[in-house]
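Work through the exercises below with the structure in view. Try each task before you read its solution.

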Amino acid sequence: MGCGASKYKMGNGANKPAPVPEEEEKKEGEEDEEKQNEGEEGEGGNLPNGFPSMSRQEAVKERFRNVVNMTRIAGRMLKEQEQRAIEKGRQNTSLKEPEREEIVIPDSMYMYPPARPPKRKKNEIFHESDCILADAIAAKVDAESVGSIDELVRELTIKLKTDMQKLRALFMWLGMQRIRQRTYPTILDPTTPIGHLKRMALGRVSYAVMFTLLCRSAKLPCVIIRGIAKSASYEVGDKNVDSLRNMWNAVYVSGEWRFVFPLWALSAVVGKTTGDWTLAESTGEPLLQREEKSAGESVSQVDDYYFLIDPGEFCFTCFPDEKRWQLLREPISKRKFIRVPYLWPPYFQYGLQISTKFDSIIKTVKGKCNIAIKPGPEFVPLSYELHYNHKESDRDIPDDIQLERYVAIMNEADKTNFILRLPVDGVYKLEVLDNSKDWICFFKIWCDEDIEPWDPYPINSMIGFGPCKETENAGLRVETLAYSNGVINMTKKQHIQIKFTMLRNLHIRTVLVHNTISPAELQEHASHKILDNLVNVHLTVPQNGEYALQVFTKEKGPNDEFRNAINYLVVTDEKPRKDKGWENAREKLIRHRLDESTSKSRNPEEIKQALYKFNDLELINHGEVDRAQRRIGYLVTKNNLRDGINRRHVEVLDRALREAKDSEHRDKLEGMITDGEALLQHLSQINLFAHDVLALQRTTVSEIHRYNIPKQSIHDVMKATFLVLGEKEEPLGDWEAIQDLLRKAGRENVLYKIKQYDTIYLETETAQRAADIISQYDKANLLEASAAAGAFYVWVYNITKEVLKWTGYYDGGEQTKSQPEFEQSTVQ
């Protein structure tokens with residue numbers, strides 16, 4: 001074939017090619033056949049073995065169907081694999097972050113502020129007002145509606161003003177996603193928010209890293225902290241904690257570094273048990289319930305406790321690798337971290353304090369030990385559960401022993417004691433609970449030495465032994481304070497009298513209980529007499545031993561039942577002492593100290609201590625005990641009344657006045673009672689004055705600061721209001737300054753200040769100046785101008801009138817001739 005020749009026709013035959021030699025024609029025929037064969041093989045020549053007679057088109061369709069089926073199978077396998085991974089994450093009940101992650105980011109960033117302890121508590125920087133708008137926005141933003149982390153953060157924070165609100169919105173959005181409960185598409189862009197959530201569900205991205213990505217996108221400094229955390233796998237008393245590795249965050253907000261533990265704040269484990277413990281007793285009720293081993297279940301929740309948690313609390317459960325990230329002025333050692341008791345959030349929320357050895361492991365002495373907990377600002381009833389570790393003890397509880405009533409709750413004025421008397425050696429766990437059965441703190445109890453043959457306590461009531469809050473709730477107030485620790489030490493022939501005041505009309509029942517003596521035999525040994533509102537309980541015992549004296553009260557309604565008001569543990573000496581007619585040097589000293597403290601001391605605790613030592617030695621009472629008890633009662637009542645007057649708190653003062661007037665010391669305290677009643681009336685008036693202002697809706701108040709140029713009357717009323725609240729007068733001439741004050745939140749909010757207001761800080765000159773400012777206006781015109789301004793006007797008028805009246809500047813007349821006197825407005 002010549003150069004440039006072609007075997008295809010070109011045009012209408014003008015360029016017809018020359019004849020081809022036979023040999024070349026044969027070769028071209030062979031080539032055409034080969035090409036045809038190649039075409040057949042390409043379309044269906046290589047048929048599957050099972051389809052030798054199938055046409056080429058059918059073979060192509062079959063092959064396509066096979067590919068589709070294999071793709072579907074692979075998709076199902078991938079989906080099942082992801083579901084198994086999510087289920088595995090759901091069953092991950094260790095509350096630990098994954099050790100390997102698909103996203104790698106630096107733990108900290110260059111130029112972040114240095115790690116320093118915060119100067120303020122959480123409740124000083126984080127308020128409920130920070131949550132309202134932030135939480136609402138977080139609930140509305142859908143993870144699938146945004147295409148990137150930056151877009152998500154912009155949607156969450158664009159309407160928020162403060163960094164605290166932005167941080168709250170990010171935190172709550174992450175907590176609302178139900179990461180392991182939702183369904184995800186098989187194919188997702190991993191860089192989108194929903195893609196990140198899916199990777200979290202698969203255990204490939206941690207809460208700490210995701211939270212860091214959100215914070216850094218919002219320009220909030222956030223670091224990842226690595227260390228040891230007492231998570232769900234921790235057991236109280238464990239010494240090897242190196243396997244409890246975890247991650248959490250510190251965020252720089254409000255000018256301070258604050259801890260956030262997203263994993264713990266947004267998830268929890270329920271039902272996890274090791275199978276090593278037997279629940280032996282729950283506040284006196286025998287159970288012997290051997291727990292079954294269970295991995296538990298991970299659930300989604302939002303726990304604000306681990307959001308901005310204070311370092312002084314966080315250090316007991318989390319120990320960072322870097323000391324500086326404890327954020328403590330005095331960092332604790334790893335040894336102390338391991339040894340401290342296992343403390344749960346309610347321990348800190350109630351303000352409790354362990355006053356005995358601050359250790360997670362308590363060793364008994366002859367089977368006995370004591371754990372004491374001091375109450376916080378508000379008293380919280382405590383209960384307990386006692387567990388026995390059959391694995392570490394190498395045996396089960398003997399069949400002939402019921403571990404009931406071997407723990408006693410002993411109430412004292414400044415603490416609650418848990419006294420354990422264990423009859424079997426082994427390893428125990430004491431769980432202290434609140435009245436809602438929420439965990440407060442755990443202790444491991446080692447009882448591995450020779451023990452006394454302890455008998456169970458006669459009773460073990462929920463309220464324990466000694467005076468407690470339930471005593472007053474049941475309508476009794478204790479007047480005999482010698483047994484305020486809940487224990488009565490007496491001899492067989494001794495007669496004990498205990499006095500109570502009834503706070504209302506009640507039925508009374510007294511019961512004496514012994515482990516072996518029947519109630520019928522003990523009935524005559526506990527009795528009571530009622531005179532007016534005074535109850536005298538008389539007690540004797542038939543023989544030496546340990547008893548429980550119980551006092552019950554019942555309202556006088558037909559459907560009311562008796563309730564346990566107070567219990568005492570009655571202990572008698574096996575060898576009661578007799579009056580030998582003489583005393584040794586120590587006994588004389590104890591008696592002298594009781595006389596001395598009774599006559600001279602003004603500290604009731606000092607007299608109580610002397611009385612306790614006197615009773616402990618079983619000294620013969622020649623009247624010293626009665627005198628000491630009366631003196632203690634007088635000092636306690638007087639101190640309570642003085643405290644109520646000094647604190648200027650209506651409820652505290654009212655309670656102290658009622659106690660003083662109902663006591664036998666009323667005549668001695670007559671002057672203080674008169675002053676207290678006058679102050680109570682004054683404080684009640686102040687609270688009444690604030691009523692109309694506090695009843696205003698926030699929107700009604702906010703209308704004032706929205707005025708650009710208010711009426712002069714409104715400006716003057718708000719100027720007088722803030723003058724009374726302690727602001728300087730000069731800046732208040734500028735309306736913008738008043739607007740700034742009206743916008744403040746939290747403890748600086750004007751309504752909060754009025755609610756907490758006390759005239760003790762208002763000087764007479766300031767009161768007169770505020771009265772002069774509003775004297776040119778009247779109530780009707782102000783109410784017409786603004787309902788809120790009218791309410792503030794009424795409050796200023798009443799407060800200034802009250803102060804000027806107390807200081808003698810106000811003679812009971814009108815402030816202006818045209819102004820009618822009124823005490824309350826009718827603003828709704």
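**Exercise 1. Which residues does L174 touch, not counting residues up to four places away in sequence?**

Solution. Look for contacts, meaning heavy atoms within 4.5 Å. L174 touches I179, L197, M200, Y207, M210, F211 and L266. Two notes on the source: this is a predicted model, where local features need pLDDT of at least 70, side-chain atom pairs count only at pLDDT 80 or more, and totals for chains, interfaces and linings use all residues. Residues are numbered from 1 along each chain as its sequence is written, and side-chain values use heavy atoms, with hydrogens and water left out.

**Exercise 2. Find the largest nonpolar core and say where it lies.**

Solution. Start with the term. A nonpolar core is a set of buried Ala, Val, Leu, Ile, Met, Phe, Trp, Tyr and Cys residues joined through side-chain atoms within 4.5 Å. Buried means under 20% relative accessible area, exposed over 50%, partly exposed in between (1.4 Å probe, protein chains only). The largest core has 118 residues. W173, L174 and L197 have the most contacts inside it. Domain 1 (122-340) and domain 2 (343-447) both give residues to this core, so it lies between them. The domain bounds come from an automatic or database domain assignment. A second, separate core has 95 residues, including L611 and V794.

**Exercise 3. How do helix 7 and helix 8 pack?**

Solution. Locate helix 7 at residues 193-201 and helix 8 at residues 207-217. Helices (H or I, at least four residues) and strands (E, at least two) are DSSP runs, numbered from the N terminus. The packing angle is about 160°, and the axes are 10 Å apart. Axes are lines fitted to C-alpha atoms, for helices over the stretch in contact, and angles run from 0 to 180 degrees between N-to-C directions. The two helices are therefore roughly antiparallel (angles over 145 degrees). Now list the contact residues. Helix 7 gives H196, L197 and M200; helix 8 gives Y207, M210 and L213.

**Exercise 4. Is K429 buried or exposed? Describe its surroundings.**

Solution. Next, check its relative accessible area: at 7%, K429 is buried. Then list contacts, leaving aside neighbours within four places in sequence: K429 meets E235, V236, W277, E385, L386, H387, F442 and F443. Finally, take W277. K429 and W277 are 152 residues apart in sequence and 8.7 Å apart in space, C-alpha to C-alpha.

Technical notes: Angles under 35 degrees count as roughly parallel, over 145 as roughly antiparallel, 65 to 115 as roughly perpendicular and the rest as oblique.
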